[in-house]
Amino acid sequence: MIDCIFTLDYEIYGNGSGALKDLVYEPTEKLREIFQKWNAQFVVFAEVAELEQIEKHGTDPEIGAVKRQLVELYRSGFEIALHLHPQWCNASYRQGRWSLDLSEYNLCTLPPTRIDEIVTHAIDYLRDAIGQPDFTPLSFRAGNWLFQPTRDAAAVLAQHGIRIDSSVFKGGLQHNSTLDYRRALRNGDYWFFNSDATEPDARGSWVEVPIYTEMVPFWRMPTTRRMGFGNAFGATSPSAAKKLNRIRDFMRFRYPLKLDFTRMTLDELTRMIDRVVRKDRQNPAQYRPIVAIGHTKDLVDPQTVNDFLSFLQANAVTVTTFEAAYPKLLQGQAQATSLPVAPARQSARPDTLQLNLK
């Protein structure tokens, strides 16, 4: 049983360049129109630290339109989730350029008190943005996928009511950030955990629903765009050492190729899902949440997204959100541990129709 969960990182470039209208608002409007045509929703991972600083410093007149868009998405049944690049929290803006605090690049390496301060502030901003004072996001994605070391950040986020992480991509390795998700290759389609996002714990309070990847030969990842030299390292150009480390990340016989619906061709997307469908036919009772990732700033060909949704419908693959999938995830935990099924968390969402692709 396959559910496809489309997730959209809602953000501008990592160094602060680019306009909200071009990189966030208009791409999201195009995607919303396409998904509503297919009676489906996606998960909006709103990078709120970035949005708050843009609003605070008055650097982009479209921030009001972006906030109104978040309200409209929320009211239309799209899931609003938390995405954080904490280097934005102490950002300053001088002479038309952003200066980011790279000492806070990885949320997980900060003291718990600082993590709590950042998360509290971020959730408060989201609540204000969508006009729901009791809103709590269910799901989280770490900036640059950095959810290691997991323990302190997971504990703080859980205290705030967040229960699902989707930062892990199996086989991931980043020498610059000491990220290593290779151990997750042995895990299933999703797993519960407590203090380490790569180590399953059937009685854990967190559930990891990883970004779907396939391990492919490194030569299938040749482009500068995929290698992320352009804006992946913050406000300045990457040093020679960082470039070398980035090349080392890719110089493996097999590399994790993410299911990226804003970067991949239709043929790449459909071939990857075809393999999932064939695997599912061998055990159709097993629940398989497949997470696709995209970035507003990367949307180039909306028609590919439309055609991919058509392909999923033709193959009876449901498009859903983490909120809608959560009861199934809890059911899987209950079956693994022989525990009673915990009640799904009640959403603060106003009465809206939950629409899935059937």
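Colleague: Hi! I'm new to this one. How many helices and strands does the protein chain have?

Modeller: Welcome! This is a predicted model, and its secondary structure comes to 10 helices and 15 strands. The chain has 358 residues, and 57% of them count as buried.

Colleague: And what does the accessible surface of the chain come to?

Modeller: About 15,200 Å², and carbon and sulfur atoms account for 50% of that.

Colleague: What about contacts between residues at least 6 apart in sequence: what share join residues at least 24 apart?

Modeller: That share is 75%.

Colleague: Where does T320 sit, and in which strand?

Modeller: T320 belongs to strand β15. With a relative accessible area of 3%, T320 is buried, because anything under 20% counts as buried.

Colleague: Which residues are on each side of β3?

Modeller: E79, A81 and H83 are on one side, with I80, L82 and L84 on the other, and both faces are covered. In a regular strand, side chains alternate between the two faces of the sheet.

Colleague: Which way do β2 and β3 run, parallel or antiparallel?

Modeller: They run parallel, with five bridges joining them. E47 stands opposite H83 of β3. β3 also pairs with β6 in the parallel sense, over three bridges. There, the partner of L84 is A142 in β6.

Colleague: Nice. Now the helices: at what angle do the axes of α3 and α4 cross?

Modeller: At roughly 80°, and the axes come within 8 Å. Two packed helices are described by just those two things, the angle between their axes and the distance between the axes. An angle from 65 to 115 degrees counts as roughly perpendicular, so α3 and α4 are roughly perpendicular to each other.

Colleague: Which residues meet there?

Modeller: From α3 (residues 63-75), I63, K67, L70, V71 and Y74 meet Y125, D128, A129 and I130 of α4. By class, that contact has seven nonpolar, no polar and two charged residues.

Colleague: On to the backbone. Where is the cis peptide bond?

Modeller: It joins Q148 and P149, with omega about -15°. P149 lies in the loop between β6 (139-142) and α5 (151-159).

Colleague: Which residues other than glycine have a positive phi?

Modeller: Two examples are N39, with phi near 60°, and A316, also with phi near 60°. N39 is in the loop between α1 (20-37) and β2 (43-47), while A316 is in the loop between α9 (302-314) and β15 (318-320).

Colleague: How do they count: buried, partly exposed or exposed?

Modeller: N39 has 36% relative accessibility, so N39 counts as partly exposed. A316 is exposed, because its relative accessible area is 64% and exposed means over 50%.

Colleague: Great, thanks for the tour!

Modeller: Any time!

Key:
Residues are numbered from 1 along each chain as its sequence is written. This is a predicted model: local features need pLDDT of at least 70, side-chain atom pairs count only at pLDDT 80 or more; totals for chains, interfaces and linings use all residues. Side-chain values use heavy atoms; hydrogens and water are left out. Helices (H or I, at least four residues) and strands (E, at least two) are DSSP runs, numbered from the N terminus. Buried means under 20% relative accessible area, exposed over 50%, partly exposed in between (1.4 Å probe, protein chains only). Axes are lines fitted to C-alpha atoms, for helices over the stretch in contact, and angles run from 0 to 180 degrees between N-to-C directions. Angles under 35 degrees count as roughly parallel, over 145 as roughly antiparallel, 65 to 115 as roughly perpendicular and the rest as oblique. Contact means heavy atoms within 4.5 Å. Ala, Val, Leu, Ile, Met, Phe, Trp, Tyr, Cys and Pro count as nonpolar, Asp, Glu, Lys and Arg as charged, and the others, Gly among them, as polar. Two strands pair if DSSP finds at least two bridges between them. Accessible areas come from the Shrake-Rupley method with a 1.4 Å probe; for residues, only the protein chains shown count as cover.
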